[in-house]
Amino acid sequence: ELAMRIYISHPFSCLAQNKAELERITTELTLKYPKHIFYSPISTFGFMYNTLSYDRGMELCLDLLNLCDQLWVFGDWSNSKGCKIEIAEADRIDMRVIYNYEVGA
């Protein structure tokens, strides 16, 4: 099985509980699928949330997304502007999108 680069989309809004949930999901996925590499824009860029403009932050996220093979979406994504932008970009580039992949159970 070839390793994939998988982008993890999850609501953030600079909320500690969203960051903690994303870290739990990423850890579980990394342990469950050791051949794949999971990328989280929250882990990569989240510390700059209040420094960069929203548009610049999303631009960085989409650049990272375009380096990946798949998009896996978690949390209350349907109420997240950022998640919906990431999904639209994945659709635009014909990237496979997987919603709420089962972790932990």
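Tutor: What follows goes through the pocket, the helices and a few single residues.

Student: What kind of model is this, and how are the residues numbered?
Tutor: This is a predicted model, in which local features need pLDDT of at least 70 and side-chain atom pairs count only at pLDDT 80 or more, while totals for chains, interfaces and linings use all residues. Residues are numbered from 1 along each chain as its sequence is written, and side-chain values use heavy atoms, with hydrogens and water left out.

Student: How much space is in the largest pocket?
Tutor: The largest pocket holds about 480 Å³ of space. A pocket here is an open set of points on a 1 Å grid over the protein atoms alone, where a 1.4 Å probe fits, with protein on both sides within 12 Å along at least five of seven lines. The volume is the space filled by probe spheres set on the points, which are joined across faces, edges and corners.

Student: Which residues are closest to its centre?
Tutor: Phe-12, Ser-13, Tyr-49, Tyr-54 and Met-58 are the closest, out of 26 lining residues, where lining means having an atom within 4 Å of a point. The elements that give two or more residues to this lining are β1 (5-9), α2 (41-45), α3 (54-65) and α4 (81-92); helices (H or I, at least four residues) and strands (E, at least two) are DSSP runs numbered from the N terminus.

Student: And by class, what is in the lining of the largest pocket?
Tutor: The lining has 13 nonpolar, 10 polar and 3 charged residues, with Ala, Val, Leu, Ile, Met, Phe, Trp, Tyr, Cys and Pro counted as nonpolar, Asp, Glu, Lys and Arg as charged, and the others, Gly among them, as polar.

Student: Let's take α4. Which of its residues are buried?
Tutor: Gly-82, Cys-83, Glu-86, Ile-87, Glu-89 and Ala-90 are buried in α4, and buried means under 20% relative accessible area, exposed over 50%, and partly exposed in between (1.4 Å probe, protein chains only). Seen down the axis of α4, these buried residues fall within an arc of 160°, so they line one face of the helix; the arc is that of the directions from the helix axis to the C-beta atoms. On the other side of α4, Lys-81 and Arg-92 are exposed.

Student: What covers the buried residues of α4?
Tutor: The cover includes β1, α2, α3, β3 (70-73) and β4 (96-99), with contact meaning heavy atoms within 4.5 Å.

Student: What comes after α4?
Tutor: α4 is followed by Asp-94, which is found in the loop between α4 and β4. Phi of Asp-94 is near 60°, a positive value in a residue other than glycine. Most residues other than glycine have a negative phi. Asp-94 counts as exposed because its relative accessibility is 72%.

Student: Switching to α1, how far does it span?
Tutor: The 17 residues of helix α1 (residues 16-32) should span 24 Å at 1.5 Å a residue, and the end C-alpha atoms are 24 Å apart, which agrees; the expected span is 1.5 Å times one less than the number of residues. In α1, Asn-18, Leu-22, Ile-25, Thr-26 and Leu-29 are buried. They cover an arc of only 100° around the axis, which puts them on the same side of α1, whereas Ala-16, Gln-17 and Leu-31 are exposed on the other side.

Student: What does Thr-26 touch?
Tutor: Not counting residues up to four places away in sequence, Thr-26 touches Ile-8, Phe-38 and Ser-40. Thr-26 counts as buried, at 16% relative accessibility.

Student: What do the buried residues of α3 pack against?
Tutor: They pack against β1, β2 (37-39), α2, β3 and α4, and the buried residues of α3 are Gly-57, Met-58, Leu-60, Cys-61, Leu-62, Leu-64 and Leu-65.

Student: Last one: where does Trp-77 lie, and what does it touch?
Tutor: Trp-77 lies in the loop between β3 and α4, and is partly exposed, with a relative accessible area of 24%. Not counting residues up to four places away in sequence, Trp-77 touches Pro-11, Cys-83, Lys-84, Ile-87, Tyr-99 and Asn-100.
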